[in-house]
Amino acid sequence: MTTTVHPSAWQRARRPVLSVLLALAWLMLQQSLDPGNLLTACVLGWGLPRLLAGFLGPAAQPRAFGRTVQLTLTVLWDILVSNITVARLVLHPRSAPQPAWVRVPLTLKQPTAQALLASIITMTPGTVSAIIDEEQACIWVHALDCDDAAGVAADIHRRYQQPLMEIFG
């Protein structure tokens, strides 16, 4: 005879990755490894996932971890490169930026993935996501300097949207 053990709310709230990220974020914000900050980081990392368990829903199973790391590195690289590009564009006296609105078709169906795509676009200097248009299944992106709207849309799809589709299934 087997018995089913139902985990308590505290056991269901275990989210080790979130706990570590919260603790690291606290330490990075404080820029100090003194004992008080280490203790606070541990308490926040342990307590916040448990306190917010009802709001977070069930813990997701890791999927496509390698692809997630690859997307993260791509975004960080793109942020670095676009910072340099925007700085040159803004600081060069003869620059003539060509701002444009770019329509990027959305193939992502999950709202979380769509919001993450919009966030990635917003984090990259020189581009700002304006709106996710659910009726037209697209996201409108304002580019600071764009001479090829179709190329920008294709890059966003290839570099960000395709990996997000693999990660979110």
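**View 1. Ala-137 sits in the loop between S2 and S3.** This is a predicted model, and the first close-up goes to the turn of a hairpin. S2 and S3 make up that hairpin, with 4 residues between them. Phi of Ala-137 is near 50°, so a positive value turns up here in a residue that isn't glycine. For background, most residues other than glycine have a negative phi.

**View 2. Strands S2 and S3 run antiparallel.** S2 covers residues 127-133 and S3 covers residues 138-143, with 6 bridges joining the two.

View 3. Which residue of S3 is the bridge partner of Val-104? That's Ile-139. Now look at the side chains along S1 (residues 100-105): Ala-100, Val-102 and Val-104 point to one face and are buried.

**View 4. Helix H3 spans residues 35-51.** From first C-alpha to last, this 17-residue helix reaches 23 Å, close to the 24 Å expected at 1.5 Å a residue. At its start, a side-chain oxygen of Asp-34 comes to within 3.0 Å of the backbone nitrogen of Gly-36. Which residues of H3 are buried? They are Asn-37, Ala-41, Gly-45, Gly-47, Pro-49 and Arg-50.

**View 5. Gln-31 lies in the loop between helix H2 (16-30) and H3.** Gln-31 isn't a glycine, yet has a positive phi of about 50°. Its relative accessibility is 72%, and because exposed means over 50%, Gln-31 counts as exposed.

**View 6. Zooming out, the protein has 7 helices and 3 strands.** Along the sequence, the pattern reads α-α-α-α-α-β-α-β-β-α. Of the 169 residues, 27% are buried. The protein exposes about 11700 Å², with carbon and sulfur atoms supplying 66% of that area. Among contacts between residues at least 6 apart in sequence, 69% join residues at least 24 apart.

Notes. Residues are numbered from 1 along each chain as its sequence is written. This is a predicted model: local features need pLDDT of at least 70, side-chain atom pairs count only at pLDDT 80 or more; totals for chains, interfaces and linings use all residues. Side-chain values use heavy atoms; hydrogens and water are left out. Buried means under 20% relative accessible area, exposed over 50%, partly exposed in between (1.4 Å probe, protein chains only). Contact means heavy atoms within 4.5 Å. Accessible areas come from the Shrake-Rupley method with a 1.4 Å probe; for residues, only the protein chains shown count as cover. The expected span of a helix is 1.5 Å times one less than its number of residues. A polar contact is a pair of N or O atoms within 3.5 Å; within protein, one must be able to donate a hydrogen and the other to accept it, and residues adjacent in sequence count only if both atoms are side-chain atoms. Two strands pair if DSSP finds at least two bridges between them.
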